[in-house]
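Thanks for coming, everyone. I'll take you through one structure today, a few residues and elements at a time. Please have a look at it first.

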Amino acid sequence: MVSTQEAVFRASIAANVPVFLKGDSGIGKSAFIRDYATASKRHLESVVLAHKEKSDIGGIPTVREGTITTTEFAVPGWGHRLIEADKGLLLLSEFNMGEVDVQQACMNVLQERQVGENTYLPESVAIVLDGNPPERYATSSDLPSQIANRLLHLDWELDRQAWLDGMTSGWPTATERIIDDGDARTDRVAREKSLVLAFLDAHRPYIHDQPTDPAREGGAWPSPRSWDNAIRVLSRIDEDATDVQTTALRGLVGRAAAEAFMRWRIEAADFDLRAVLNDPTAEDWSDHHPSKTLTVLGAVSTFAVEQGSLDVWRDALAVLMHCADVTGRKDVCLRSARLLLSRAPKGAKIPSSAEETFGPMLRSIGAWR
């Protein structure tokens, strides 16, 4: 049985969102990460920030001779080895014990995956950080806000029963702990994106809400960047695992935004995207709250555009037309109609009925020819 904290860890790795494991010394954070690397057949590079300088992360300036002599930052050795590996894991260990300038040198690594001058870690490399709670360890510090907002913050706790069982009867073998980090389903990504965007449209202060208290800036808080990371992580979590979803969101956008979203999600997420595309009458549109209508239509249109299939695009447009007809609320359909009609796949012909339904409103806001 996978614990909530391990399920969140797996989802963040699969989504390629850097995760920061924060917990007391001696509880097995590093051991868990090493086990994960072995189980998932990833080459592990551990960079202990407490022992590093800025150049160990950003690279040492190197002169390149040629027609024009230039100076570039060389790729550190750990970066070369990760780039050459089939799959890799970069562990930035004791992260919040590193000097501030060393932490700041990691910013491009964490989000843009840049190492050296113009070299980038491949998507096959996962990024994990570990550290101790600063409120309990004088040598650890709160993270700068611009770094904190790039991470999924995961409080790591000791599973006492698992430790007792492991010490008594042996630890799970590597093959029993292999992580499934396959590609996300496109319908899940479209669904989560639609849910997040519909929620933020109705709760706009949560789009960006940087704390004014410096102590809170070092944790998770909502921003366009952290919501984008949230969409990617949520698409990797079982839709019924609300405890895992909530824990992941708290670690990405903060407790207040996460709990507001999860309360709102209970009703808005109650739909089957593929069923709606197959049969627009699968939803009782007349009984929807407008926010749910926006969510379902957003998922339908986003999925159709990302698929790029003419048949799926036609099905999605049929859903919008049916919803507008049943509810009489063309305005609620407008955002999704704009996306579908402006991103029609090759060979698509805009039906005259869709032109008549949505054309005048889209023209009035300058969003249609």
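Start with serine 12, which sits in helix α1, residues 4-14. A word on terms: helices (H or I, at least four residues) and strands (E, at least two) are DSSP runs, numbered from the N terminus. This is a predicted model, where local features need pLDDT of at least 70, side-chain atom pairs count only at pLDDT 80 or more, and totals for chains, interfaces and linings use all residues. Residues are numbered from 1 along each chain as its sequence is written, and side-chain values use heavy atoms, with hydrogens and water left out.

Is serine 12 buried or exposed? Serine 12 is buried, at a relative accessible area of 0%. Buried means under 20% relative accessible area, exposed means over 50%, and partly exposed is in between (1.4 Å probe, protein chains only). The serine 12 side chain reaches the backbone oxygen of phenylalanine 9 at 2.8 Å. That is a polar contact: a pair of N or O atoms within 3.5 Å, where within protein one must be able to donate a hydrogen and the other to accept it, and residues adjacent in sequence count only if both atoms are side-chain atoms. Not counting residues up to four places away in sequence, serine 12 touches Val17, Val19, Leu152 and Val233. Contact here means heavy atoms within 4.5 Å.

Now the cores. A nonpolar core is a set of buried Ala, Val, Leu, Ile, Met, Phe, Trp, Tyr and Cys residues joined through side-chain atoms within 4.5 Å. The largest one has 44 residues. Which of them touch the most other members? Phe9, Trp227 and Phe261 do. Helix α13, residues 255-268, gives the most to this core, with 7 residues. A second, separate core has 31 residues, including Ala299, Val312, Ala316 and Ala324.

Take tryptophan 227. Valine 253 belongs to helix α12, residues 242-253. Valine 253 is buried too, with a relative accessible area of 1%. Setting aside neighbours within four places in sequence, valine 253 contacts Ala220, Trp221, Pro222, Ser226, Trp227 and Ala258. How far is valine 253 from glutamine 210, C-alpha to C-alpha? They are 9.8 Å apart in space, and 43 residues apart in sequence.

On to the strands. What does β5 pair with? Two strands pair if DSSP finds at least two bridges between them. Strand β2, residues 43-48, runs parallel to β5 and is joined to it by 6 bridges. Serine 46 stands opposite leucine 91 there. Strand β8, residues 125-131, also pairs with β5 in the parallel sense, over 5 bridges. In that pairing, glycine 88 is opposite valine 125.

Next, two helices. Serine 194 is in helix α9, residues 186-202. Serine 194 counts as buried, at 5% relative accessibility. Beyond its neighbours within four places in sequence, serine 194 contacts Leu294, Thr295, Val296, Gly298 and Ala299. Helix α9 has 17 residues and reaches 25 Å from its first C-alpha to its last, close to the 24 Å expected at 1.5 Å a residue. The expected span is 1.5 Å times one less than the number of residues in the helix. The buried residues of α9 include Asp187, Arg188, Glu192 and Phe199. They pack against α11 (224-234), α13, α14 (273-278) and α15.

So what about α15? Helix α15 spans residues 290-307. Of its 18 residues, 14 are buried, so α15 is largely enclosed by the rest of the structure. Helix α15 reaches 26 Å, first C-alpha to last, close to the 26 Å expected. Glycine 308 follows, with a positive phi near 70 degrees.

Last, the whole chain. There are 18 helices and 9 strands. Buried residues make up 48% of the 369 residues. Among contacts with a separation of 6 or more, 72% are between residues 24 or more positions apart. The C-alpha atoms fill a box of roughly 65 × 65 × 45 Å along the principal axes.
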